[in-house]
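My notes follow the order in which I checked them.

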Amino acid sequence: MATARPDKGEAKGTAGSTDFTFTKEREREDQRKIAAGEEPGPGYFEPVYVDSSRVAAIRYVPYDPNDAESGVGTVFVRFHKYNDPWAYYDVPFSIYNEFVTASSVGRYINAQMNSYNYNRASASEVDDYFAGM
């Protein structure tokens, strides 16, 4: 399965047998719709604010908005300490769902999330995907 990081502007790949294109333009359009009081497009996930001493908010951005709940995407995490924004790439939706419902999201990061590629979110990712987080 080929996946791509959204910070590249436009990414193309294959999830199962579905071709997809991820663009920042899709995210910007969803943000515009929300600001105008409209419904965002398919596959848009609001930030989830969690009760945690370590994590402030979590957001999932699927690579394929039409396969959001069975595909993969990037999980963005805003930490309390230093207000740090991080991105975890190529995360299946099922893992994201377990993450936001975990009894301890901090422990879940150590046990599960850190097994995925991750790094501090780029300035571009922060501008595009951390709106309101």
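How many salt bridges does the count come to by the rule I used? The rule takes a side-chain nitrogen of Lys or Arg within 4 Å of a carboxyl oxygen of Asp or Glu. The count comes to five salt bridges.

I noted the basis before going on. This is a predicted model, in which local features need pLDDT of at least 70 and side-chain atom pairs count only at pLDDT 80 or more, while totals for chains, interfaces and linings use all residues. Residues are numbered from 1 along each chain as its sequence is written, and side-chain values use heavy atoms, with hydrogens and water left out.

**Entry: R28 and E25.** I found a salt bridge between the side chains of R28 and E25, at 3.7 Å from N to O. Both residues sit in helix 1 (residues 24-35), three residues apart, which is about one turn of the helix. For helices I used DSSP runs of H or I of at least four residues, for strands runs of E of at least two, numbered from the N terminus. I then looked up exposure, where buried means under 20% relative accessible area, exposed over 50%, and partly exposed in between (1.4 Å probe, protein chains only). R28 is partly exposed at 44%, and E25 is partly exposed at 47%.

**Entry: R32 and E38.** I recorded a salt bridge between the side chains of R32 and E38, 3.7 Å from N to O. R32 has 39% relative accessibility and counts as partly exposed. E38 is also partly exposed, with a relative accessible area of 39%. I noted that E29, R32 and E38 are linked in a network of salt bridges.

**Entry: D84 and R120.** Here the closest N and O atoms of the salt bridge are 2.9 Å apart. D84 is in the loop between strand 5 and strand 6 (85-92) and R120 is in strand 7 (residues 118-120), so the pair ties together parts 36 residues apart in sequence. Is D84 buried or exposed? I read 16% relative accessibility for D84, so D84 counts as buried.

**Entry: T74.** I placed T74 in strand 5 (residues 72-79). T74 is buried, with a relative accessible area of 0%. What does its side chain make a polar contact with? I found the side chain of Y63, at 3.1 Å. A polar contact here is a pair of N or O atoms within 3.5 Å; within protein, one must be able to donate a hydrogen and the other to accept it, and residues adjacent in sequence count only if both atoms are side-chain atoms.
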